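Good morning, and thank you for coming. Please look at the structure on the screen while I describe a few of its parts.

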Amino acid sequence: MLGNEAIARGAIEAGVGVAAAYPGTPSSEIIGSLEEVAEDLGIYVEWSVNEKVATELALAAALAGVRSLTAMKHVGLNVAADAIVSSAYTGVSGGFVIVSADDPSMWSSQNEQDNRIYGMLSYIPVFEPENPSEAKELTIKLFNLSSELKHPMILRTTTRVSHVRGPVRLGRIAKISRNGVFKPDPRFALLPSNARRNRIELLKRWDAIKSAVESFEFNRVYGDGRILIISPSTTFSYVYELIQANSLEDKLRVIKLSSVYPVPEKMILREASHVEKIVIIEELEPLVEMQVRDLLHRERVNIEVVGKPLLERAFEMNMNRVAKLLTHTTGIAIPIVESSDREKIELPPRPPVLCSGCPYRPLFFELKKFIARERIKPIFSGDIGCYSLVYYKPFQAQDTIIEMGGSIGLGNGFSVVLPDSIVISVIGDSTLFHAGIPPLINAVYNMHPQIILVLDNLSTAMTGHQPSPSNPTRGRRILIEDLARAIGVKYVKVVDPFNAEEVRKAFREALKVVREDREVALIIARRKCALLAYDDMIKSGEEIVPYYVDLETCIGCGICYNLFACPAIIPRDDKKAFIDPEMCIGCGACVISCPFNAIKPVKQVDQEKLKKYWF
């Protein structure tokens, strides 16, 4: 079972009644798995418009006594932090588990912040599983502990646990109820007079939490010896595997830590009394190390404590890094694990590109031509989504990518300090609903001129096509153009990104609005994600007609594979183009890239008929 699936299973066995999230790698499969069984089990599952909204929904359920869960990637917790920190003050009535899936090494993220530190900030205890099996059991335990102590719990995982597969023993599915009872209490209204009382109650609960982790069954001691190693999560797995592989069980004693904040102080003091030195091996920030140093200082225990060098805080741990750290900190030579032949295989390079048929490709192709014709040097204020790939060649149309909604927000600032520049803010539909609306309102109200390009592919595509409010669902749909007009955007244009003339006209008009009226101009480029359209065509039995390059007409100019850059178009040895029929999805968008009309369908295609799959 995938680690994230194991967490979902644990929530089901614990009787979760409500679960809500905004998708984000590496957390998305938790809610995705619950969504698959929600109707059968009676769980309310929701993809909310952002992490704060999801947290508020789940928190309300927990205040009404219903066990609830919210999950997010690490940067999502920044968005939800306002609600999460206050949830420690209100406490809860039913079990409330917050899953933070962190991404050491930034495999799909803009930073690698260590969200264990949020526990210290908010007085919410933080727990880490070692593998999928423990992730499931720990989830159940945290729901029970949260219900018992009336306090939220943070389950922190990393990509390595979330996306690894391992055996998981299934337990009984609990009786699930999502009907709660809300009893108004002054502690739920965080007015200053109540919040001050809550602060004292919070500290009293923290004492109970510290006592609870002392007997926490997921913290365990292994081995023996005069050196004590303290290590949590997957890092412990690497440590103990190396100890076993090198028969060091009688030389190194290990505390495997699941409660990383607060740590079990009595347990650590007890084990410290047997040793001469403590080594702490943990991923990213020295959170456990700081607590252990503080504990020993307070208790006047004079033992050497060794943590990681500063530069070792970056990126995720692996077996070789841990072996080097153990050798460096314990003085025991631990050999580096040799890579297998399989690991030595060099995979062919695969540049990061938009998918075949992606509607963003013809749009940015036209945009770059338009910019060249108009001789402007725009500032591209980018955002988080598939379209961040246009940062790379050939489009190079993202100068900044900071956070969700940051495109329009930074665009506001650029328009203030760079009045002679043309600011083009690029944002997706799901990201606009997530965090782009407040900066859009700010841009309109404070008159920050910029072209805002909304890429509406009717989905949260990058994380696995979770729903976006722009997608028609159960008869509901929120049209971005209606929203924009309602808040005062005067120029709003919806275009088909495959219609080059329509796109060029919209850019011309938008540029005029920004230059002459000094207003916001908003263009919505709407076409369904190519992966969804292709999937719908296949399911409907529609014939996929690929395109080919007429070699008699092609002169090998390279525009199609160098500037349009669909991955299905490849240069031949003679520089003429070749379209791989296995990769071509028959969208026909590449036709506009050839000035010599050399790109043609292998047989006649009625593109008007196929449009029903794209909108």
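Predicted model: local features only at pLDDT ≥ 70, side-chain atom pairs only at ≥ 80, totals over all residues.

A nonpolar core is a set of buried Ala, Val, Leu, Ile, Met, Phe, Trp, Tyr and Cys residues joined through side-chain atoms within 4.5 Å; buried means under 20% relative accessible area, exposed over 50%, and partly exposed in between, with a 1.4 Å probe and protein chains only.

Residues are numbered from 1 along each chain as its sequence is written, and side-chain values use heavy atoms, leaving out hydrogens and water.

Let us turn to helix H16, residues 429-445. Helices are DSSP runs (H or I, at least four residues), numbered from the N terminus. Where does H16 kink? The kink, of about 75 degrees, is at Gly-436, shortly before Pro-438; the bend is the angle between axes fitted to the seven residues ending there and the seven starting there. Of the 17 residues in H16, 12 are buried, among them Gly-436 and Leu-440. Just after H16, Met-447 has a positive phi of about 55 degrees.

Finally, Ile-117 belongs to helix H5, residues 116-122. Is Ile-117 buried or partly exposed? Ile-117 is partly exposed, because its relative accessible area is 35%.

Key
Helix = DSSP H or I, 4+ residues; strand = E, 2+ residues; numbered from the N terminus.
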